[in-house]
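I opened this structure to look up strand pairing and salt bridges. My entries are below.

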Amino acid sequence: MGAHNPPSVQALKRPLLYLATVITLTAAGCSDGDSSSKPDAVEAYAYSMLAPGQNGSTIIYARIVLDAASQTCPKLTGSDGSTLTTRLRPMYPDGVTTSASFPVTVCEAVITEGVSYSAFKNTVKINAVTLAASTVQVYGDSGCETADCPGVTPSSQFQALANLGARQSPDLILHMGDYNYRGTAGAITGNTYAYDAGDGGFGGASCGLQETYYSQNAQNSPRPDSWPNWQADFFDAAQNLLPTAPWVFARGNHELCSRAGPGWFYFMGPGSSLPGAGQAQMQCPHQGDLNAPPATAEPHITMIPPYMLSLGTVDVWVMDTANACDALATNALTAQYQAQYEQLANRAKNVTWVMGHRPIWGFTTSDEPTVNQMLQTALANSEEGELPPQVQLSLAGHMHIFESLSFLQNSTRPPQLVIGNSGVSLNDQPANGDFTVTVDAQQASGNALQAFGFLVMSVGSGAWSGEIRGTTDTILLNCDSGNIANGQRLCLPAPGE
């Protein structure tokens with residue numbers, strides 16, 4: 001570990017993610033800040049977000065991204081007759097990102113639940129936010145690799161799924177992370193690979209935490225994180241879905257600070273300088289110099305604390321699992337995740353879903369350890385040694401496939417759903433179909449699906465049912481929280497499939 005000390009819980013606590021409604025519009029440059037003015041040929045993306053407020057409350061932000069630098073922030077007109085002036089969300093000040101990489105203007109304001117907002121003569125509209133979720137859509141790993149999406153073309157698969165989802169009028173959308181693939185290929189240059197918490201076999205004995213740190217966003221990097229990749233991979237691809245409902249965005253390993261983390265914090269970070277904010281606006285720390293890389297990753301990574309969102313009949317505990325090593329649990333970050341599980345045990349009072357990018361339990365092949373080793377070890381080392389009984393579902397992505405796992409009827413573990421099949425090229429393991437396997441020392445029944453899709457859920461009091469829908473709106477699997485009690489797998493083939 002050299003001259004650096006292990007990261008403390010406090011040092012690694014940074015704000016996490018938030019719930020957001022994103023609206024993409026073709027608007028035009030704002031020049032005077034008046035809500036009736038019409039910007040000139042500037043595209044606008046507007047979204048509402050739930051984030052931690054002060055004293056454990058939930059705060060709702062409106063955030064507007066204007067596709068041009070140095071614009072004046074607009075006013076918002078509410079359906080209740082109110083008028084709000086949005087404030088500039090500052091660009092990162094320390095050189096981690098620059099206006100050259102992100103030539104946009106981001107504005108934000110605190111808004112009220114149940115009120116819709118508009119700007120620029122109603123060309124920008126933000127739907128009213130509800131905190132009572134009954135119809136939920138879940139996506140994951142929606143970005144597009146450069147080989148599949150040359151230039152700035154979006155993922156045709158994610159775009160098709162998003163367009164289908166937009167027609168279903170959800171009231172909550174969960175995204176399991178990995179939005180930006182085209183800007184985050186592993187190699188920065190030649191054989192120099194970005195830190196990825198051990199993913200893909202890189203990182204050494206400590207999953208990269210104590211080895212030489214390489215970042216796309218270091219000084220002298222030829223390919224730092226940038227707005228065009230974010231715009232093509234996520235904002236443009238989802239333009240019809242974005243305004244339909246509030247979102248919860250998990251942070252994926254492609255959004256580590258060594259990859260697309262700067263953009264994630266800028267567009268999707270929950271912290272703000274606005275009154276009532278429970279967290280300050282945060283950013284990635286300095287990323288070093290690619291010509292003289294730092295000896296360890298510790299001073300250059302950012303972990304974000306988990307938080308609870310209360311959404312009617314279910315609470316959602318959102319974790320930043322981007323730094324959790326899939327194959328090892330040999331570094332100091334394991335203790336940070338252990339502390340997060342202990343926080344969850346103290347916070348869970350109602351029916352709860354745990355949400356994060358990397359699954360706690362995920363099966364690939366019988367020849368490999370089940371993922372995620374760091375999260376499994378952290379949970380086992382926690383004071384309780386297991387998730388609290390209020391947790392009824394674990395949601396994740398990361399594996400580039402759909403997978404369900406349900407443990408034996410006498411197990412205290414909740415089922416695990418992996419939704420990592422919403423756009424990126426799919427993995428070929430595990431094979432399609434049902435399986436029974438030992439995962440983290442317990443027998444589990446599950447199934448895998450190698451097809452692009454997203455999950456649609458109907459949520460009731462303590463129960464849910466849903467279906468996996470494909471790019472042509474075909475129902476691929478039916479899932480139901482009651483299946484396990486009936487001795488069935490969590491997800492079953494749709495009739496006729």
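The entries cover the model itself, then strands, then salt bridges.

Entry 1. I note that this is a predicted model, where local features need pLDDT of at least 70, side-chain atom pairs count only at pLDDT 80 or more, and totals for chains, interfaces and linings use all residues. Residues are numbered from 1 along each chain as its sequence is written, and side-chain values use heavy atoms, with hydrogens and water left out.

Entry 2. I looked up strand S24 (residues 464–469) and strand S25 (residues 475–480), which run antiparallel and are joined by five bridges. Strands are DSSP runs of E, at least two residues, numbered from the N terminus, and two strands pair if DSSP finds at least two bridges between them. Gly466 has Cys479 in S25 as its bridge partner. Five residues lie between the strands of this hairpin, and Asp473 has a positive phi near 70°.

Entry 3. I followed S25 to strand S26 (residues 491–493), and the two pair antiparallel over three bridges. Asn478 stands opposite Leu492 in S26.

Entry 4. I searched the whole structure for salt bridges (a side-chain nitrogen of Lys or Arg within 4 Å of a carboxyl oxygen of Asp or Glu) and found ten. Asp473 forms one with Arg469, the closest N and O atoms being 2.9 Å apart. I checked exposure by relative accessible area: buried is under 20%, exposed over 50%, partly exposed in between, with a 1.4 Å probe and protein chains only. Asp473 is partly exposed at 31%, and Arg469 is buried at 16%.

Entry 5. I found another salt bridge between Asp196 and Arg259 (3.0 Å, N to O). Both residues are buried.

Definitions and conventions: Helix = DSSP H or I, 4+ residues; strand = E, 2+ residues; numbered from the N terminus.
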